[in-house]
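Please look over the sequence and the structure before reading on.

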Amino acid sequence: MLVTEPMSEPRPSAIKLLVVWVTTRCQLRCRYCYMRAGDVPGVDLDARTFTAAARNLELGPGAEVQIAGGEPLLVPDVVEAVADEAHKLGVSRISVQTNGIGIDERFIALVQRYRLGVGISLDGPPATNDKVRGRTGDVLRGLARLEAAGIPFGVTAVVSRDTVATLPDLGLLLAGFSQARSLGLDILRPAGRASEEDLASPAALRQAFVSLSERLAWVNRQRVTPLRLRELAAAECGDGHAGYCPSEFGLGAALTADGSLYPCASLAGYPEYACGTATAPDYARLRLGLPPDTSACGDCA
C-alpha cells in the first residue's frame, strides 16, 4: 500500500517587503534624488540576480515585491521577468513605482496580466512638479492611460520646502481621477542630491497636512471610491499597529541593480548598512532591523 505524505502549507516568507531596483537610469533629474540618478553609472538588474535574492530570502506567500529604480519602465523586459518570477513564487503583492512617463500599452497589459499595484511619483500640481521633477504633462498623460484602462493607482509625493505648500492642490488634482486610490507623503531626507536647505519646516508641514486632510475629506464626500491619505492610516499607531515598515523589524530588504542588499532602499550605498548580496545575504545584519527612535513621540496611545 502506497502511503503519501499530506501536503504541507506554504511556508510564510521570511522577508515581508523586498524593494527591487531594476535600473539606476532615469529620464528625470529630480533635484533631491537620493539615488543621484543621472549622476551615477547606468546599471540594469540581471533578472537572474532577482531570482537568487528571492530564493535566498525565502520570498513567498505573505511577501510584497516593489519594483522601483531609477525608472523601471526604461527596462520593461527586466520588470516583466521580475514580476513573472515573483508571481511564480506566490508573492502576495507585486507593485511598480514609476515616474509615470513611460506608461504605454505594454505596461498596461503587464499590470493586467499580473495584477500589479501601480504607484506614481508626483510631487505637486504642474507648476510645482515641473520645478522639482519635470515633464508633468507626460506624467498626467500616463495617469490618463491608467484611468482609461480602469487601473487603480496610488501617488507618492516627496515633501520638501518647494512642494509642501501645494500639497492640498495636489489632492484636488488627484480628485479628478476616479482610479486614484491613495496619496502618500515621503518626508525628504538630506541624502543624495538633497540638502538640509531643501527640508520643509515643521510649521509648514503641520499646516499643509491639516489643509490636505481637510481638502481630501471634502473630496471624498463627492467621490464613490475614497482617496485615502496614507499618513492618516499610519497615524493610528496604537492597538494593533506595531510599526510603520517591515524594515523596522528585520523583515524588509532592498536589492540594488548591482545585486547588493540593504535593509531599506533609502540606505542603499551606505557601507555601514550593507547586508551582503543576492547570492550571499548577510542574514544577521538584515534581521537587526531598523528600530525607530521614539524619544520625540507624543504621549498618545
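## Basis of the model

This is a predicted model, in which local features need pLDDT of at least 70, side-chain atom pairs count only at pLDDT 80 or more, and totals for chains, interfaces and linings use all residues. Residues are numbered from 1 along each chain as its sequence is written, and side-chain values use heavy atoms, with hydrogens and water left out.

## Overall form

The protein contains 9 helices and 9 strands, taken as DSSP runs (helices: H or I, at least four residues; strands: E, at least two) and numbered from the N terminus. Its radius of gyration is 20 Å, close to the 19 Å given by the globule rule for 301 residues, so the protein is as compact as a globular protein of that length. That radius is taken over C-alpha atoms, and the rule is 2.2 Å times the number of residues to the power 0.38.

Of the 301 residues, 46% are buried (under 20% relative accessible area; exposed is over 50%, partly exposed in between; 1.4 Å probe, protein chains only).

## Two residues with positive phi

Most residues other than glycine have a negative phi. Glu58, although not a glycine, has a positive phi of about 60°. Glu58 lies in the loop between helix H1 (47–56) and strand E2 (64–68), and counts as partly exposed because its relative accessibility is 28%.

Arg135 is not a glycine either, yet has a positive phi of about 55°. The loop between helix H4 (126–132) and helix H5 (136–149) holds Arg135, which is partly exposed at 40% relative accessibility.
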